[in-house]
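Welcome! Take a moment to look over the sequence and the 3D structure below, and then we can walk through some of the details together.

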Amino acid sequence: MRLSVLAAVSLLAVAAAGCTNETLDSFDKVDVDISKVSSKTSYQLSPSIVSKLASMKIDRSSPIMLRIFKEEGRLELWKADRTNRFQLVRNYKICAWSGKLGPKMKEGDRQAPEGFYPLSRANMNPNSSYFLAINTGFPNTYDRANKASGTNLMIHGACSSSGCYSMTDEQMLEIFAFARDAFDGGQKSVQLQAFPFRMTAENMARHRDNPNIEFWKMLKVGYDHFEVTKRPPEVNVCEGKYIFNQQAEKPFSPAGACPAMSTPGGLEAALASYNKTYATAYAKAMSKYAGTVWIEPSEAQRKAIVADQRKGRELAYAPTGNSLDAGKLMTEREIAEQKRKAEEAERRKVEAAERAVREAEEAKNKAAADFAADVAAAKAEKQARGVGALPVPEHNPGIAAAVEKKEKKPFWKLFSQDSEPREAEQVQPVVNENVALQGDQPVRAGETATSAGKSARNAPVEQQTEAVATLPVAGGEAGQQVVEQTQKKPFWKFWQK
């Protein structure tokens, strides 16, 4: 039934396609003071917006549709008028979106979704950590059929994104109010259309070399249907592809074969006229961009363009800018030259790294050689000064004299009558610092001369001899005493008087 009505009005849509209200004031600036809003979920649209809607014959609670263009960094809010055609009523500048142009394929790739997403009241999150949020519903039927994965991909506030579309809090307050009023008015599903760029002939020609071009050509069919009818297209999925405004007798299976389908006659005629105009514009654009390639900027390059927008704000506030300002259109010659310079820079980088390694090795070897030379020089210097050589014995002034050992006599001389020792056998003096002299007898330290003499006379002969050998006699310097070693008498002389 819906497609029949769509076919009936499609020709009217084509006739009016040139008047899309895009030239009207779209109230891009949100004039609201967040600090004065008592309840963000019950915030009411400003009187100026309500007045503008009335002038466009749009009721406050009529259905809405959202449309996103990454490259321009824009989020459009469309609202149905009383003829059930949608008109552009708000055109917001997206504060932040992550990644590059192209669909989201897996969790963590930082890509923001592209495609057609149905949003219900359940997708609205009034308790978001990012002020307010509307879940995009990723992955949708198409995403699941193509094994894409990811969670919690939102349109939210706070101007900070990791795979989401982030707005300012003021913008999100207003978008949330538009959606709430539409659901209160009976709308069951709000369509979100997320595109890489406006699917014009010139943009399609400019991005013709992008690896996502076939995916974008598929999205363009839905884009064209809306441009022709100004109504959100009916979306289905079969064979892993988006299908728009198709009549079929059998249900669609996302991963299964597409059933027999047909396009309503009126819509088909309107699309034929639209596509003819598009083909002419595309041929002209291809001629314009021949020999050129559009260089898609990275997220970091986009951020650099709008870095000044962060000044004076919290660190979490992270606008990313748009791709049009940061991207670049280059000729094939410029690309080849850029590639050559990049390769030359890489070669120089490698050479510099290798040179640094060589210089470090040479420095290491030189340091080792210098250290060895320093050690050798220090060793030679010590040897020259005698440092480190074996110590040479020196005279000890504390010893006054030394005792020479007496040569042993042959055993036959033990019975010799000669009681006088030969010159070679003369007694050598021995120093004993522990005795003193008293008369003709040595006195030990702590003894009197009398007691010392008595001890020596009363002792056996052998002990007397030893004692005499150890007792000092008068003489020497500084009170030193000398003890004579006495030759032992032959045993037959022990009885001689």
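## A left-handed disulfide

Let us begin with a pair of cysteines. The torsion about the S-S bond of cysteine 95 and cysteine 159 is about -70 degrees, so this disulfide is left-handed. Here a disulfide is a pair of cysteine sulfur atoms within 2.5 Å; for cysteine 95 and cysteine 159 the sulfur atoms are 1.9 Å apart. Helices (H or I, at least four residues) and strands (E, at least two) are DSSP runs, numbered from the N terminus.

Are these cysteines buried or exposed? Cysteine 95 is buried, with a relative accessible area of 7%, and cysteine 159 is buried too, at 0%. Buried means under 20% relative accessible area, exposed over 50%, and partly exposed in between (1.4 Å probe, protein chains only).

## About the model

Please keep in mind that this is a predicted model: local features need pLDDT of at least 70, side-chain atom pairs count only at pLDDT 80 or more, and totals for chains, interfaces and linings use all residues. Residues are numbered from 1 along each chain as its sequence is written, and side-chain values use heavy atoms, with hydrogens and water left out.

A search of the whole structure finds two disulfides. The other one joins cysteine 238 and cysteine 258, whose sulfur atoms are 1.8 Å apart. With 95 degrees about the S-S bond, this link is right-handed. Cysteine 238 belongs to strand S11 (residues 235-238), while cysteine 258 is found in the loop between strand S13 (247-248) and strand S14 (261-262), 20 residues apart. Both cysteine 238 and cysteine 258 are buried.

How are the bonded cysteines paired when numbered in sequence order? The pairing is 1-2, 3-4. Cysteine 164 is buried as well, with a relative accessible area of 7%.

## The chain as a whole

Now for a wider view. The secondary structure of the chain comes to 12 helices and 20 strands. Of its 497 residues, 38% count as buried. The accessible surface is about 28,900 Å², and 54% of that belongs to carbon and sulfur atoms; such areas come from the Shrake-Rupley method with a 1.4 Å probe, and for residues, only the protein chains shown count as cover.

Contact means heavy atoms within 4.5 Å. Among contacts between residues at least 6 apart in sequence, 64% join residues at least 24 apart.

## Two crossing helices

The axes of helix H6 (residues 213-229) and helix H7 (residues 265-288) come within 10 Å and cross at roughly 110 degrees. Axes are lines fitted to C-alpha atoms, for helices over the stretch in contact, and angles run from 0 to 180 degrees between N-to-C directions. H6 and H7 are therefore roughly perpendicular to each other, a label for angles of 65 to 115 degrees (under 35 is roughly parallel, over 145 roughly antiparallel, the rest oblique). Residues making the contact include Lys220 and Tyr223 of H6 and Leu267 and Ala270 of H7.

## A look at isoleucine 34

Isoleucine 34 lies in the loop between helix H1 (2-15) and helix H2 (47-55). This residue is partly exposed, with a relative accessible area of 24%. Not counting residues up to four places away in sequence, isoleucine 34 touches Phe131, Asp169, Glu170 and Leu173.
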